[in-house]
Amino acid sequence: MKLKGIKSTFISSMAVMGLFSVLIYFQAQWQDKLTIVNYLVYPLLIITAIFATQFNRSRVALLCLFWGLFLLTENYPLVWSKWVSTNPQWLLLCGTSLLLLLALMKDRAIFSVHSITRILLVIGCALITFGWLKLSENVESFFPKTALWNQIIPYIPVAFPLTIIGALLFWRSLSVNNLTLTALLVTFAIWCLNQLDLITLPWSLVIVALSSLYLLAVSTDSYYLAYRDDLTSLPTRRALNQLALSLGRNYTVAMLDIDHFKKFNDTYGHDIGDQVLKLVAAKMTGVKGGGKVYRYGGEEFTVVFPRKTAEHSIPELEVLRESIATYGMVIRNPKRTDKNSRKAKKSNDYKTVHVTVSIGVAQREPKQSFDQALKNADLALYRAKKKGRNNVSK
Ligand SMILES: Nc1nc2c(ncn2[C@@H]2O[C@H](COP(=O)(O)OP(=O)(O)OP(=O)(O)O)[C@@H](O)[C@H]2O)c(=O)[nH]1
């Protein structure tokens, strides 16, 4: 589990919980504006759902749909409204299990072959929750009548499943590090707190605040999707072009290419090749001297040193090159044939390999554009390859 994931989930969750604390603290300021909030909530849910669908975040769109249904049930005398209001435990558990379902789902198109499965899963959640609560009405009969069990039994119908669902959601939001999962986790916390009357915010206000969070989550996730490389998590060439617009007159650009990578792919396979790209990217993020690292494309990377000369940048790139060349990567031996040896980590199952990189460096000349400086770095990279690879050339 990535430390980065834990950190960002924790920070985002704390920020939103902080926002709700502020809302509770300043109740007097917004109480008289609740009518506006009541008018705002439905259009905001619709806008968020459309926005989420546009950016292929169907889970957020479904979440908006669930909120809309919930609000309509609360505010209008629908056929099921009375039953729902007399079964608050079902409502609480059903809501949380739907959140877990969304957390485990993929962001597939709203209307697709999977729609029927999704509808069935949603109905399944509602029925399983109902069945669980019915079963737990006679929970005492399943356990021995001891003092310890008598203390535990009252927590089995609601607190027990809530804890399990909360823990699963927490685990999921840490292992899949994106803001949709963080938004689901925050929604779970607010839903439980408000349903259990531990906080008493009007639902329309809660939903307006959460919808704003969903909009932020979808737009931030989409930004990252456009500007971050999926495999290495480095900024992409699009982000590099963005940086080029804000660079001053003095900077140095370096192009880095993995040596004989085609041969590496052919020998060990594309998956191991991907692992190498990730490793090189990770090593590159440690470059000193203020170097900004980008995945230019394929097995090529770019480092930009704003306000630095080539003389300043080359020693940092030498350190980087050396750190990659001396790093021994442990990979699965592609020649292994005995499938049973998967279970035991036999020494011949793994082997240590090394990769090297060639780096071309160019300092921006007066009146030169970013593209020209980049081209010069590319020419220097060509010279580095010609010199025999595993070196830094100017
Ligand atoms: N595994 C993997 N391979 C990639 C990826 N992108 C590009 N490649 C491979 O990178 C290789 C690039 O090979 P070449 O440009 O011919 O050069 P090279 O083998 O690195 O040799 P030199 O640059 O001359 O040292 C190709 O085999 C591509 O398939 C990727 O995302 N993953």
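This note goes through the structure point by point, from the whole chain down to single residues.

1. Basis of the note. This is a predicted model, in which local features need pLDDT of at least 70 and side-chain atom pairs count only at pLDDT 80 or more, whereas totals for chains, interfaces and linings use all residues. Residues are numbered from 1 along each chain, following the sequence as it is written.

2. Confidence. The protein chain has an average pLDDT of 88, and 93% of the residues score at least 70, where pLDDT is the predictor's confidence in each residue, from 0 to 100. The model also carries an ipTM of 0.94 and a pTM of 0.70.

3. Overall make-up. The protein chain contains 16 helices and seven strands, and these elements are DSSP runs numbered from the N terminus (helices H or I, at least four residues; strands E, at least two). Of the 394 residues in the protein chain, 27% are buried; a residue is called buried if 20 or more other C-beta atoms lie within 10 Å of its own, exposed if 12 or fewer, and partly exposed in between, with C-beta atoms placed from the backbone. Two residues are in contact if their C-beta atoms, placed from the backbone, lie within 7 Å, and among contacts between residues at least 6 apart in sequence, 70% join residues at least 24 apart.

4. The largest core. A nonpolar core is a set of buried Ala, Val, Leu, Ile, Met, Phe, Trp, Tyr and Cys residues joined through C-beta atoms within 7 Å. The largest one here has 39 residues, and Cys64, Leu184 and Tyr214 have the most contacts inside it. Helices that each supply at least two residues of this core include α1 (3-25), α3 (34-54), α4 (58-75) and α9 (159-175), while α10 gives the most, with nine residues. A second, separate core of 35 residues includes Val293, Ile359, Ala384 and Val392. In soluble globular proteins, nonpolar side chains tend to be buried together.

5. Helix α11 and Tyr214. Helix α11 (residues 203-227) has 25 residues and reaches 36 Å from its first C-alpha to its last, close to the 36 Å expected at 1.5 Å a residue; the expected span is 1.5 Å times one less than the number of residues. Its buried residues include Leu205, Leu210, Leu213 and Tyr214. Leaving aside neighbours within four places in sequence, Tyr214 is in contact with Thr48, Ala52, Val60, Leu63 and Ala183.

6. Helix α6. This helix has 17 residues and reaches 25 Å from its first C-alpha to its last, close to the 24 Å expected at 1.5 Å a residue. Among its buried residues are Leu93, Cys94, Leu98 and Leu102, and the buried residues of α6 pack against α4, α7 (115-136), α9 and α10.

7. Val357. This residue is found in strand β6 (residues 357-363), and Val357 counts as buried because 25 C-beta neighbours lie inside 10 Å. Not counting residues up to four places away in sequence, Val357 touches Leu256, Asp257, Ile258, Asp259, Val280, Arg321 and Ile324. The C-alpha atoms of Val357 and Ala325 are separated by 7.3 Å, although the two are 32 residues apart along the chain.

8. Two loop residues with positive phi. Most residues other than glycine have a negative phi. Asp197, in the loop between α10 and α11, has a positive phi near 60°, and Asp197 is exposed because 8 other C-beta atoms lie within 10 Å. Arg389, in the loop between α16 (370-386) and β7 (392-393), has a positive phi of about 70°, and Arg389 is partly exposed, with 14 other C-beta atoms within 10 Å.
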